[in-house]
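Subject: Structure handover and notes

Dear colleague,

Please find below the structure that I promised to pass on to you, with my notes after it. I would be grateful if you could read the notes with the model open beside them.

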Amino acid sequence: MSDPVELLERLSSVRGIRGSILVSADDGLIVAESLMTGVDGRAVAALAASLTNRMRRATECAGRREPVFLQLQAADGTVLAAPCGRELVLVAIAGPDVNVGLARLEMLNAAGRLA
Amino acid sequence: MRSVEPWVTPPLERFLAESSARLTLLMTSSGQVVAQHGFVRSVDVMTAAALGAAILASTGEIGRLVGESRFHALVHQGTRQQVFLSDFETARGRWIGLVVFDSESTVGLVQLFFDRLVAELVEAAPREAPKQQVLPENFERELNASLRALFGR
């Protein structure tokens, strides 16, 4: 597995991404973070892990296996999540100026290396 | 959800809705139950309250031995369920929260919403009620009144 902090810092350097967190999927607790001040990382981690777990159940119930990438579009930006195996979830917080395609590519690349 | 103190009800209802906790107990540091959710039998509530208060007291002493002023929260992880225990200060003295949750929730969610519950309780807590002398003739009546409030019978 690659160094999580290094991967988070690389991800956070993508234009439009304000910060990223690596979360334990079972606990909703932060494993590593690279966040701007003013973002409540603990709350984002707990809620994003819960959302990802529920989406996993939804896609599996629909016979589509586990989710690969989640994009939650909000009024002032986007929250992105990519499960890294069963144990971790990579979460990115992005502003409205983010290039979602590039962010998605970077996140899937990082998730693959963290799994 | 049932509580002895009515002002506890709204914050606790919000916590239960957001955290998806299965069982929740709020009590004083001496193990006197203030509110409960999910317990069916009064004997279970009394036992859980006494054990929860004892566990926190024990870990407090361990903390004192190792030079930690106090442990504010601890989690017991089981195979299907987990127990979260934490104490906090209110205008009514030190209280303890005991939360049992399963795969519908996570430690992170319970901690997050428990912190919000504590903040709301601290804000809503009325000042300390004047201490009354505990008389034997009042004790049983007050105990029965608390059990009626907590279990509706």
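The model is a predicted one, in which local features need pLDDT of at least 70 and side-chain atom pairs count only at pLDDT 80 or more, while totals for chains, interfaces and linings use all residues. Residues are numbered from 1 along each chain as its sequence is written, and chains are lettered from A, with ligands numbered from 1, in the order in which they are written.

**Between the chains**

The contact takes ten residues from chain A and five residues from chain B, where two residues are in contact if their C-beta atoms, placed from the backbone, lie within 7 Å. By class, the side of chain A that touches chain B has five nonpolar, two polar and three charged residues; here Ala, Val, Leu, Ile, Met, Phe, Trp, Tyr, Cys and Pro count as nonpolar, Asp, Glu, Lys and Arg as charged, and the others, Gly among them, as polar.

Helix α2 (residues 41-61) of chain A packs against helix α3 (residues 107-124) of chain B at an angle of about 135°, and their axes are 8 Å apart. Helices (H or I, at least four residues) and strands (E, at least two) are DSSP runs, numbered from the N terminus, and axes are lines fitted to C-alpha atoms, for helices over the stretch in contact, with angles running from 0 to 180 degrees between N-to-C directions. The helices α2(A) and α3(B) are therefore oblique to each other, given that angles under 35 degrees count as roughly parallel, over 145 as roughly antiparallel, 65 to 115 as roughly perpendicular and the rest as oblique. From α2(A) the contact is made by Arg42(A), Ala43(A), Ala45(A), Ala46(A), Ala49(A) and Ser50(A), and from α3(B) by Gly108(B), Leu109(B) and Leu112(B). Sorted by class, this contact of α2(A) with α3(B) has six nonpolar, two polar and one charged residues.

**Chain B**

In chain B, six strands form an open sheet in the order β1-β3-β2-β6-β5-β4, with antiparallel pairing; two strands pair if DSSP finds at least two bridges between them. The strands β1 (2-3) and β4 (73-77) of chain B stand at the edges, each with a single partner strand, so one side of each is left without a neighbour in the sheet.

Strand β2 (residues 23-28) of chain B is mostly covered, with five of its six residues buried; a residue is buried if 20 or more other C-beta atoms lie within 10 Å of its own, exposed if 12 or fewer, and partly exposed in between, with C-beta atoms placed from the backbone. Six bridges join β2(B) to the antiparallel strand β6 (residues 93-101) of chain B, and Thr24(B) stands opposite Val99(B) in β6(B). Over four bridges β2(B) also pairs, in the antiparallel sense, with strand β3 (residues 33-37) of chain B, where Leu25(B) stands opposite Gln36(B).

**Chain A**

In chain A, strand β5 (residues 88-94) is mostly covered, seven of its seven residues being buried. Leu88(A), Leu90(A), Ala92(A) and Ala94(A) point one way from β5(A), whereas Val89(A), Val91(A) and Ile93(A) point the other way. Seven bridges join β5(A) to the antiparallel strand β1 (residues 17-24) of chain A, and seven bridges also pair β5(A), in the antiparallel sense, with strand β4 (residues 77-84) of chain A. The hairpin of β4(A) and β5(A) has three residues between the strands, and Gly85(A) in the turn has a positive phi of about 70°.

Ala81(A) lies in strand β4 of chain A and counts as buried, with 23 C-beta neighbours inside 10 Å. Neighbours within four places in sequence aside, Ala81(A) is in contact with Ala48(A), Thr52(A), Leu70(A), Val89(A), Leu90(A) and Val91(A).

With best wishes
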